[in-house]
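Please look over the pockets and helix contacts in this model before we discuss it. My notes are set out as numbered points.

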Amino acid sequence: MNQNSQHPLDRPGAKIEIPVRDLTVSACTVPTDSPEADGTLTWEKTTIVIVEVKAGDKQGMGFTYAGTPVAVFIRDILADLVRGQDAMAIPGIWDAMLRKVRNHGLPGVAAMAVSAVDVALWDLKARLLELPLVSLLGAVRDGIPVYGSGGFTSYTVKQLQEQLDGWTEKGISRVKMKIGTHPGQDMDRVRAAREAIGPDNDLFVDANGAYTRKQALMFAEAFAGLGVKWFEEPVSSNDLQGLRLLRDRAPAVMDITAGEYGYDLWYFQRMLDAQAVDVLMVDGSRCGGITGFMKAAALVEAYQLPLSAHTAPSIHAHVCCAASPAVHVEYFHDHVR
């Protein structure tokens with residue numbers, strides 16, 4: 001398009017075709033502000049892979065959080081496929097990308113590559129149509145709650161309390177902390193977190209799959225006494241029977257949650273069929289972008305369960321306002337930075 005061209009919305013009934021004229025990708029590694037750890041991993045940096053797509057006189061941006069191999073995959077496998085495609089026809093491009101990555105295996109690098117490109121395409125389409133992304137998707141609500149997320153096991157108790165209390169002081173009434181690195185310290189740390197945020201704010205915990213089933217059952221009972229309402233990945237997400245056991249036997253006030261490592265609909269369907277979670281977590285930067293997220297949201301809605309968005313709040317704020325089963329977005333410390 002150029003400055004003299006008619007806006008697409010001013011041509012009702014006309015087929016709109018605007019070819020993608022370029023796609024570029026870059027990767028940037030950002031040090032964390034201090035060493036970070038959860039129940040199964042430690043890290044000191046985060047790599048963001050950024051995709052920029054152009055069509056007409058507009059540019060869209062998408063991203064995922066992964067290593068540089070994702071950027072190489074986009075450049076070598078997906079970029080030429082996307083160039084020249086109709087920027088208005090995102091589902092067609094999405095299907096073509098999935099066919100393209102068939103022999104590479106979708107879960108992991110390929111899915112995150114598709115996700116970054118898909119997010120960029122949706123951003124581009126919204127800009128071409130001069131609409132907020134949430135309006136393009138179709139809003140079902142005006143806003144979506146967030147929960148503050150960090151509370152890494154590498155933090156001192158003082159750091160933990162200051163971060164969680166800082167979020168509640170800003171009006172964020174739900175906060176999440178990591179557990180599982182040193183199980184013997186977890187009760188004291190959760191107790192310190194509760195003292196910091198007071199009795200009226202919701203406390204979530206995330207073990208990142210660090211506990212055994214027996215440990216998780218024991219901690220679920222103990223955490224409930226401190227008002228913990230959300231127990232994320234008490235056991236490995238691959239242990240669907242273990243998650244189901246926790247869901248059946250955890251206190252009724254506590255949601256058992258997982259799903260952040262889902263790269264495709266089949267992963268989510270297996271988890272839902274197993275009745276493994278009270279709330280399914282979905283990450284648009286991993287599961288096929290906004291297109292994949294909305295497909296997962298429809299699946300969750302069919303199972304009559306709530307959905308929570310994992311990390312990447314600047315993507316998920318829009319998409320969760322358009323996804324009926326969404327209940328909140330993770331305001332993750334690293335990704336906010």
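1. Basis. This is a predicted model, in which local features need pLDDT of at least 70, side-chain atom pairs count only at pLDDT 80 or more, and totals for chains, interfaces and linings use all residues. Residues are numbered from 1 along each chain as its sequence is written, and side-chain values use heavy atoms, with hydrogens and water left out.

2. Largest pocket. The largest pocket holds about 660 Å³ of space. A pocket here is an open set of points on a 1 Å grid over the protein atoms alone, where a 1.4 Å probe fits, with protein on both sides within 12 Å along at least five of seven lines. Volume is the space filled by probe spheres set on the points, which are joined across faces, edges and corners. Lining residues have an atom within 4 Å of a point. There are 31 of them in the largest pocket, and Asp38, Leu41, Glu260, Tyr261 and Arg286 are the closest to its centre.

3. Its lining. Strand 2 (42-55), strand 11 (326-332) and helix 12 (333-336) each give two or more residues to the lining of the largest pocket. Strand 2 gives the most, with five. Helices (H or I, at least four residues) and strands (E, at least two) are DSSP runs, numbered from the N terminus. The lining has 13 polar, 10 charged and eight nonpolar residues. Nonpolar means Ala, Val, Leu, Ile, Met, Phe, Trp, Tyr, Cys and Pro; charged means Asp, Glu, Lys and Arg; the others, Gly among them, are polar.

4. Second largest pocket. About 280 Å³ of space lies here. Of its 15 lining residues, Met61, Asp123, Leu133, Ser314 and His318 lie nearest the centre. Which element gives the most to this lining? Helix 3 does, with four residues. Strand 3 (58-65) and helix 11 (313-320) each supply at least two. By class, 11 lining residues are nonpolar, two polar and two charged.

5. Helix 1 and helix 2. The axes of helix 1 (residues 68-82) and helix 2 (residues 90-100) come within 10 Å and cross at roughly 145°. Axes are lines fitted to C-alpha atoms, for helices over the stretch in contact; angles run from 0 to 180 degrees between N-to-C directions. Ile77, Leu78, Leu81 and Val82 of helix 1 meet Ile93, Ala96, Met97 and Lys100 of helix 2. Contact means heavy atoms within 4.5 Å. Seven of the contact residues are nonpolar, none polar and one charged.

6. Helix 3 and helix 10. Helix 3 packs on helix 10 (residues 289-302) at about 95°, with the axes 5 Å apart. Helix 3 is therefore roughly perpendicular to helix 10 (65 to 115 degrees). Ser115, Asp118, Val119 and Trp122 of helix 3 touch Gly289, Ile290 and Thr291 of helix 10. The contact has three nonpolar, three polar and one charged residues.

7. Helix 7 and helix 8. Helix 7 (residues 213-224) and helix 8 (residues 240-249) pack at about 25°, with axes 10 Å apart. The two are therefore roughly parallel (under 35 degrees). Helix 7 brings Arg213, Ala216, Leu217, Ala220 and Glu221 to the contact; helix 8 brings Gln241, Gly242, Leu245, Leu246 and Arg249. Five of these residues are nonpolar, two polar and three charged.

Conventions
Parallel < 35°, antiparallel > 145°, perpendicular 65-115°, else oblique.
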